[in-house]
Amino acid sequence: MEDDYAHPYEDSIEKFTTYEDYLDSQITPQDRFYLEEDELARQLVEIGCRKGEVLTREDFAARREAAENAKKARLQSAPKVLASAQKKLTDFPVLRHLACREELVRSGKLSTIIFIRDKNHRGQEISGYIDYGHRLKTENFEPYFERKKRLLPKSSDLSFYNWDTQHSTSNESPNFQILPDHEQGLLFKNKRDRKVLSVDPRSEPGDNSKRLEVPTTEYIQVVIFDHMTRKKS
């Protein structure tokens, strides 16, 4: 019997789906020739008729669980590759601005709302406010940064309006609550620090918030609202 089976580590234990698979790995061709039955060969291995240590069923289960937990911990601690990484965005200012914010938004240090006004695939003019952080968590953004897809507002975003059909929707997101205001229009309350962000170009965006209109030929209009999130004291 080989040493790595006698003293299995994470990488070897994970090879076996069941305890029977583990026992089978220690049955030799000679065993099968003389014993003819795998079940009998397994029993001989399990009761210790082999040189070196053989794990009991309980020890195998415990070590396999420990190996799976260690693997999960490694995956969680592994650095995540950004969707915008190594993408050439020099000539695309909107995507370049989104790429600059991706890591901060993913980490929760920055909350960003994107206002986009443009035409959909039917030629209808649409506009809406997009919670960038929520979209990053629920969509694969690589096709956007690779320019295989165009980022456009959807009826599931914070707000959506079709200027041709007059169809409109509004939804809360995990990061923002909507506060309709008769004078200022839409207001968005950040759910983390409870600060209110105004998207009205005639007013200040609010505490810890900035408004940036992006000059671009990619869309009719794009405005980015950044809010540096701080926990409520």
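Reader: Is R211 buried, partly exposed or exposed?
Author: This is a predicted model, and the burial of a residue is judged here from its relative accessible area, where under 20% is buried and over 50% is exposed. R211 has a relative accessible area of 32%, which lies between those two limits, so R211 is partly exposed.

Reader: How far apart are the closest N and O atoms of D157 and R135?
Author: D157 and R135 are both buried, and the two residues form a salt bridge. The closest N and O atoms of this pair are apart by 2.8 Å.

Reader: Why does the pair of D157 and R135 tie together separate parts of the chain, and how many residues apart are those parts in sequence?
Author: D157 lies in the loop between α9 and β3, whereas R135 lies in helix α8. Because the two residues sit in these two places, their pair ties together parts whose separation in sequence is 22 residues.

Reader: In which helix do E102 and R106 both lie?
Author: The side chains of E102 and R106 meet in a salt bridge of 2.8 Å, N to O. E102 counts as buried at 0% relative accessibility, while R106, at 38%, counts as partly exposed. The two residues are four residues apart, about one turn of the helix, and the helix in which both lie is α7.

Reader: Which element supplies the largest share of the lining of the second largest pocket?
Author: The second largest pocket has a volume of about 180 Å³ and is lined by 15 residues, of which V105, G108, L110, S111 and N175 lie nearest its centre. Elements that each supply at least two residues of this lining are α7 (93–107), β1 (110–119) and α8 (132–138). The largest share, three residues, comes from β1.

Reader: About how much space lies in the largest pocket?
Author: The lining of the largest pocket has 15 residues, and those nearest its centre are F115, Y129, G185, L186 and V199. The elements that give two or more residues to this lining are β2 (125–131), β3 (159–162), β4 (168–170) and β6 (185–190). The space in the largest pocket is about 230 Å³.

Reader: How many residues in the lining of the largest pocket are charged?
Author: The lining divides by class, with seven nonpolar and seven polar residues. The number of charged residues in the lining of the largest pocket is one.

Reader: Is Q86 buried or exposed?
Author: Most residues other than glycine have a negative phi. Q86, although not a glycine, has a positive phi of about 60°, and its place is in the loop between α6 (57–77) and α7. Since its relative accessibility is 83% and the limit is over 50%, Q86 counts as exposed.

Reader: Where is R147, which has a positive phi although it is not a glycine?
Author: The phi of R147 is about 60°, and this residue is partly exposed, with a relative accessible area of 49%. R147 is found in the loop between α9 (142–145) and β3.

Notes. Residues numbered from 1 in each chain as written. Predicted model: local features only at pLDDT ≥ 70, side-chain atom pairs only at ≥ 80, totals over all residues. Heavy atoms only, no water. 1 Å grid on protein atoms, 1.4 Å probe; cavity = no way out; pocket = protein on both sides within 12 Å on 5 of 7 lines; lining within 4 Å. Points joined across faces, edges and corners; volume = space filled by probe spheres on them. Nonpolar A, V, L, I, M, F, W, Y, C, P; charged D, E, K, R; others polar. Buried < 20%, exposed > 50% of the residue type's maximum accessible area, 1.4 Å probe, protein only. Salt bridge = Lys/Arg side-chain N within 4 Å of Asp/Glu carboxyl O.
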